[in-house]
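This briefing is meant to be read with the sequence and the three-dimensional view at hand. Please look through both before turning to the points that follow.

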Amino acid sequence: MTSLSGKTALVTGSTSGIGLGIALALAQRGANLMLNGFGDAEGPLAAVRALGVQAIHHGADMSKANEIEVMMKAADERFGGVDILVNNAGIQHVALVEDFPTEKWDAVIAINLSSAFHTTRLAVPSMKARKWGRILNIASAHGLVASAQKSAYVAAKHGLVGLTKTVALEVATSGITCNAICPGWVLTPLVQKQVDAKAAALGVSNEEAKRLLVGEKQPSQTFTTPEQLGELAVFLCSDAASNVQGAAWNMDGAWVAQ
Ligand code: NAD
């Protein structure tokens, strides 16, 4: 079993959903954790600490470069640097391009894309000094293909896949790997909002809206789980994955195979 004992992981947006699933999987393998994200941090912190590792939470807003810098300094001071960086924080907004509020566009690009640039530029020097690092960018099936009404999200996620490839090239000989994970539908609060919108628009039940949402894009007809994504993250942190570099690894029930 992969041991990440002695490593420190920073998972942005880990108070909920996929980020929390990945944080728990890394903690299960012994990594200390810096959690980040809005809302209740005490529950996630307790769940991570129950696995026997050290964990702290930093509430930096991922849309703000100066707050990201403060968070990265705090990680350095508390843990001596970040070995595993998981850029996961993200938001969604659904609208036709001509109706897309410009402040929503700016927020989606800042949180889903620019934050990964800032954390990465600040984490790489100490990873290089230690000759080991893992950068995991949580992109999306929407990093590889598009859907209507998601212009900002699709642009940000394609950008994140591009950033992944560039960083992977730059660190290819330094013991650091940089990869993207591209999930399809995962039933988290981010997606539940889209389920609710579909249920309201079509006048159908929550269960029927879920079935329709998944059925439309995801041939497996089932949601991927945060736990499954956590195990993929653990694999990408393992020695066996040291030569997986610059990949955009989909876990999407064959969504992008179509
Ligand atoms: P979620 O809403 O459950 O969690 C999002 C997390 O990001 C939360 O912890 C939230 O507090 C945090 N966050 C949001 N804005 C932030 C900000 N400005 N600063 C700091 N933290 C902030 O969503 P999720 O579904 O778990 O999404 C996690 C990532 O996975 C996102 O990048 C999302 O695009 C991606 N993703 C999700 C799905 C899916 O189907 N759920 C599919 C593909 C990709």
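Which exposed residues are carried by the face of H7 turned away from its buried side? They are Glu207 and Glu216. Here, buried means under 20% relative accessible area, exposed means over 50%, and partly exposed lies in between (1.4 Å probe, protein chains only). This is a predicted model, in which local features need pLDDT of at least 70 and side-chain atom pairs count only at pLDDT 80 or more, while totals for chains, interfaces and linings use all residues. Residues are numbered from 1 along each chain as its sequence is written, and side-chain values use heavy atoms, with hydrogens and water left out.

**Overall form**

- The protein has 8 helices and 7 strands; these elements are DSSP runs numbered from the N terminus, a helix (H or I) having at least four residues and a strand (E) at least two.
- The C-alpha trace spans about 55 × 35 × 35 Å along the principal axes of the protein.
- For 258 residues, a compact globule would have a radius of gyration near 18 Å, and the value of 18 Å for the protein agrees with this. The radius is taken over C-alpha atoms, and the globule rule is 2.2 Å times the number of residues to the power 0.38.
- Of the 258 residues in the protein, 50% are buried.
- Among contacts (heavy atoms within 4.5 Å) with a separation of 6 or more, 67% are between residues 24 or more positions apart.

**Helix H7**

- The 12 residues of H7 should span 16 Å at 1.5 Å a residue, and the distance of 18 Å between its end C-alpha atoms agrees. The expected span is 1.5 Å times one less than the number of residues in the helix.
- Ala209, Lys210, Leu213 and Val214 are the buried residues of H7. They lie on the same side of H7, because they cover an arc of only 120° around the axis; this arc is that of the directions from the helix axis to the C-beta atoms.
- The partner against which the buried residues of H7 pack is helix H6 (189-202).

**Salt bridges**

- Side chains of opposite charge can pair when their charged atoms come close. A salt bridge is counted when a side-chain nitrogen of Lys or Arg is within 4 Å of a carboxyl oxygen of Asp or Glu.
- The whole structure contains 7 salt bridges.
- One of them joins the side chains of Glu231 and Arg29, with 2.6 Å from N to O. This pair links distant parts of the chain, 202 residues apart: Glu231 lies in helix H8 (residues 226-237), and Arg29 in the loop between helix H1 (17-28) and strand S2 (32-36). Glu231 is partly exposed at 38% relative accessibility, whereas Arg29 is buried at 12%.
- Another joins Asp83 and Arg130, with 2.9 Å from N to O. Asp83 is in the loop between helix H3 (65-79) and strand S4 (84-87), and Arg130 is in helix H4 (residues 102-130), 47 residues apart. Asp83 is buried, with a relative accessible area of 8%, while Arg130 is partly exposed, with 33%.

**Nonpolar cores**

- In soluble globular proteins, nonpolar side chains tend to be buried together. A nonpolar core is a set of buried Ala, Val, Leu, Ile, Met, Phe, Trp, Tyr and Cys residues joined through side-chain atoms within 4.5 Å.
- The largest nonpolar core has 36 residues, and Leu10, Met62, Met71, Met72, Leu85 and Ile135 have the most contacts inside it.
- H3, H4, helix H5 (151-170) and strand S6 (176-183) each give two or more residues to this core, and H4 gives the most, with 8 residues.
- Apart from this core lies another, of 31 residues, among them Val11, Ala23, Leu45 and Val53.

**Two individual positions**

- Gln92 is placed in the loop between S4 and H4 and is buried, at 18% relative accessibility. Not counting residues up to four places away in sequence, Gln92 touches Lys150, Tyr153, Leu190 and Gln194.
- Ala248 belongs to strand S7 (residues 248-251) and is partly exposed, with a relative accessible area of 24%. The C-alpha atoms of Ala248 and Leu136 are 9.9 Å apart, although the residues are 112 residues apart along the chain.
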